[in-house]
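User: Hey, I'm new to reading protein structures. Can you walk me through this one?

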There are 2 protein chains.
Amino acid sequence: MPGGSSQTLRPFLWRAERLFEDREIVSRTLEGQKRYGYGEYADRVAQLANALDDAGIEHGDRVATFCWNDHWHFETYFGVPSMGAQLHTINPLLPDHHIQYIVENADDQILFVSPSLLEKLEGAADDEAFDGVQQFVVTSSEVPDTSLDPVTSYEDFVAGHDTDYDWPDLSGDQPAGMCYTSGTTGKPKGVEYTQEMLWGHTMATLPQSGLDLGADDVVMPLVPMFHVNAWGLPFTCTAAGAKHVYPGPSPEPEDVARLIEEEGVTVTAGVPTVWLGLLEYAKENEVDLSSLDRIVIGGSAAPESLIETYDKQFDVTVLHAWGMTEMSPLGTASHLKPGMDDISDDERYAKRAKQGLLVPGLEMKVVGDDGTEVPWNGEDFGELWVKGPWVTQEYFERPEANEEDFEDGWLKTGDVVTVDEEGYVKIVDRAKDVIKSGGEWISSVELENALMAVDDVAEATVIGVPHERWQERPVAFVVPSEGADSDALKEAVLATIEAEYPKWWVPDDVLFIEEVPKTATGKFDKKVLREEYADESLVEGKVPDEAAPEDE
Amino acid sequence: MPGGSSQTLRPFLWRAERLFEDREIVSRTLEGQKRYGYGEYADRVAQLANALDDAGIEHGDRVATFCWNDHWHFETYFGVPSMGAQLHTINPLLPDHHIQYIVENADDQILFVSPSLLEKLEGAADDEAFDGVQQFVVTSSEVPDTSLDPVTSYEDFVAGHDTDYDWPDLSGDQPAGMCYTSGTTGKPKGVEYTQEMLWGHTMATLPQSGLDLGADDVVMPLVPMFHVNAWGLPFTCTAAGAKHVYPGPSPEPEDVARLIEEEGVTVTAGVPTVWLGLLEYAKENEVDLSSLDRIVIGGSAAPESLIETYDKQFDVTVLHAWGMTEMSPLGTASHLKPGMDDISDDERYAKRAKQGLLVPGLEMKVVGDDGTEVPWNGEDFGELWVKGPWVTQEYFERPEANEEDFEDGWLKTGDVVTVDEEGYVKIVDRAKDVIKSGGEWISSVELENALMAVDDVAEATVIGVPHERWQERPVAFVVPSEGADSDALKEAVLATIEAEYPKWWVPDDVLFIEEVPKTATGKFDKKVLREEYADESLVEGKVPDEAAPEDE
């Protein structure tokens, strides 16, 4: 074997401990703000590994977390995988029956839980699905009152244990992490991250083409650590030797602003709503973002206006990124290319509002309805397929889902995109929502965005309704504002679409409803509307039953 | 297998082709300056792969190059490994018998050669060691007169071939590259680079902790492409989407200065002598280095004065780096740490003159004479051992060398180093040259540097001579300048060492010689001196024969 040694996470920790002993990890907790260096961090990680050993955790066992972003959670990030176990981060926002399903499916042995999430966990844990959990550990200094049993506090759990650990040599394909995707339908699907997937993802996020992190950076992940490893930032920052700032339980805009200012945060990351919230807060309050260089936004699309506002008001660059649980998660980042320095502000914001350029190491293709690749012209739609060292090639114990979502080593992302001539990916819809009309695709998302910008439209959604001749035709469902005039509103809605889009994008009808049906996580549940209107003759011509889009 | 797809080089090429089609590759050749984009580059790489197919090259075969840094050589960098063959870059500066040995040892099937290296190759190739080579390809448009047979030109070789190639899916452990270390003694040792070693090395060199390369960079590797893949830069630049500038055959300082200015080079890389040469040139000529941000220096230690001069005179940062053929090659880079912004210029140059900080992903330890780890205090010496995903764990078909240079997955680098409290590695000697005296190590290199700074010393070297009580004692060998007074010089030499070093570092004797023996590559050949003086009683006490340092 001429090759090198395995790709594992532990050398990142070792380097941070030895080269950046005093570089800080700052953590907002209910017990106040904790602050220590990588030196102490590494000692505590070793203590945790020894404690897990003593608790009977063995190579390949799963250890779960149900936790906010704090130093305790961060300690499990290196402690669990580096001893050969697998860190399973659970999303506490899931409904109880999903939590029960994934704890049982993953066969979690020990479960770490944040104090403020105890009540939620107690509700879910009152079920035989939790029978396999041998120990609950509350991440705090003292154990609160709880029905969980057996239970201990994190500090009691690790107390007295040695600050050295005889770390095993692991192979690159050893499962190190696990995260379930919370699909809108069906059971959550488990994604396993091997040591080398996390290693490769760390290496891919470090450079300029990724998130461009270095030892000088102070990084605050607002994206939860239960959501695809906080986009890998705890690993990437450690590899870089950067300072970490963890915002703790339910950070409010006030906390975010304070931590940025006090800790000199240079890079932060999270979903768009967080950054909209901070802007709102900044209207009423003095906010000093002078240390901040970049906000990494992902999870859902960042409005162009948000990108513009942060640039103009705070001189902060929004780095739009896209990824998936199945991708560890980074796929694209919307960097400007050489020669784009002198484009206009508007062109720049438009580029930055796209999901961006594929990072080095991955491959992608855009597959149209007929299975052939779609040209990169910024207009034609297709489903994005990706492949690479940190993209999983299967779900955990879900052969039927594997058949649907993977093909020849490619992950079919379920995202419908355009790619422009310069290679910038733009997500225009989810595959199941895109409207297929006359051999062309219509983006339901684009139509919805246009509709929601119309005065007196409170909410709007667009679905494809079966159509004999055109396969599907768009129909709009609009929730009018109180007291709106229906006829005038319908006219305004149609006029807006006619003005901005090709004629065949114009909905065949506009129906008024009282509310858009929603899923448990608050997303539009188009499935309900599709079921309801599949056999209605909303559009010209008869709609045959058998042409109804398949329910998933 | 939950893991992702294999780590291979090809996706880097694919991404550059699709995202940076027009980003340029510039190449200085004897036929003039060639210039094209990644789009055309990728087409030509595919043509080369098709041509190699037609020439009978199969999965796992070795294809050799004997070439300068130009676009032809760069085309082999992706074309050969991506079709599943192995690129063996031969150092044309080796003596003929070494070239013969490695061509035979590697079983090279096809050999690419630069026109200006034809004569050298013809000499070496007139030997049965070359019987396995089935085709010589001269990297040019037309075939020059040559005794090589069968021979063709590169342009004839690829002409008419398809610009698409059905690239195979390769596994990460597929050998992709090969390079022989040119030790001063013994036969060269082959180091194989697998696809995932080169992938990992590329990822490790991209970020701030490595060489910090991005799409905006214009990179000119002066380090030869036959020397550990030009430190991996052709791969790294492609992954980044950077512009490449290849300086062609025997670039003079004038060429270097012109290319930097004309092409807007931002980063360049090479051994110290190149940069000393450029400084000399700049004394007599107008030189515009305003585009240049960094010079990566490796291969041998960069003098602090060089680092200072480039900083003060040209506002160019010297990034000192260290690596080895066995390491693909990057091991350390001398970046400043957070908080070092306000140290004095002198402290900064001193830090930057060290070999620097280990890059993320690797591990190291410093092993003292007694086999235990040496503390990081900037003073204690030990041999540097390294381990990591892009560090090989064996030589090609050399079990006896493997036994000597590898242990438990660690590469024993043969470099003796100190590491300071902040983790900066400094090479103080080669393991075979360090002087072991009374349980402590004395750096022969440091003593030599000090001696050569003394007036009237033309050359000087220091070796350890066997000593009954102290194991070894240093003895200096000095070549005096013409007309120097021996007695006064000896006094001056000893006074210099006494003033700057601990008492036990002071050589027990200073001997005058006419010339320091040298190896074929011009390095001091201390072996000769050690043999000559092993049984001489140069120092107090009898020197027993059996205590003579082992010859290697």
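Predicted model: local features only at pLDDT ≥ 70, side-chain atom pairs only at ≥ 80, totals over all residues.

User: Okay, sheets to start. In what order do the seven strands of the open sheet in chain A sit?

Analyst: The order is β7-β6-β5-β3-β4-β8-β9 in chain A, and the pairing is mixed. At the edges you'll find β7 (151-153) and β9 (189-194) of chain A, each pairing on one side only. Ignoring direction, neighbouring strands of this sheet are turned by 25 degrees against each other on average.

User: What holds strands of a sheet together, in general?

Analyst: Backbone hydrogen bonds do the pairing, and strands can run either parallel or antiparallel.

User: Then how do β8 and β9 of chain A run, parallel or antiparallel?

Analyst: Antiparallel: six bridges join β8 (residues 175-181) of chain A to β9(A). If you want a spot to look at, A:C179 stands opposite A:V191 in β9(A).

User: And chain B, what's the strand order in its open sheet of seven strands?

Analyst: There it reads β7-β6-β5-β3-β4-β8-β9 (chain B), with mixed pairing. Its edge strands are β7 (151-153) and β9 (189-194) of chain B. The twist from one strand to the next averages 25 degrees.

User: In what sense do β4 and β8 of chain B pair, parallel or antiparallel?

Analyst: Parallel, over two bridges between β4 (residues 86-89) and β8 (residues 175-181) of chain B. B:L87 stands opposite B:G177 in β8(B).

User: Switching topic: where's A:Q355?

Analyst: A:Q355 is in the loop between α13 (345-353) and β16 (357-358) of chain A.

User: Is A:Q355 buried or exposed, and why?

Analyst: A:Q355 counts as buried because its relative accessibility is 6%, and the cut-off for buried is under 20%.

User: Which residues does A:Q355 touch?

Analyst: Leaving out residues up to four places away in sequence, its contacts include A:H320, A:W322, A:T332, A:S334 and A:I427. A polar atom of the A:Q355 side chain also lies 2.9 Å from the backbone nitrogen of A:I427.

User: One last residue. Where is B:G388, and is it buried or exposed?

Analyst: B:G388 is in the loop between β18 (382-387) and α14 (399-405) of chain B. With a relative accessible area of 4%, B:G388 is buried.

User: What does B:G388 touch?

Analyst: Not counting residues up to four places away in sequence, B:G388 touches A:G4, A:S5, B:G361 and B:L362. B:G388 and B:L362 are 26 residues apart in sequence, yet 4.6 Å apart in space, C-alpha to C-alpha.

Key: Residues numbered from 1 in each chain as written. Chains lettered and ligands numbered in written order. Heavy atoms only, no water. Pairing = 2+ DSSP bridges. Helix = DSSP H or I, 4+ residues; strand = E, 2+ residues; numbered from the N terminus. Axes fitted to C-alpha atoms, helices over the stretch in contact; angles between N-to-C directions. Buried < 20%, exposed > 50% of the residue type's maximum accessible area, 1.4 Å probe, protein only. Polar contact = N/O pair within 3.5 Å; in protein donor to acceptor, adjacent residues only side chain to side chain. Contact = heavy atoms within 4.5 Å.
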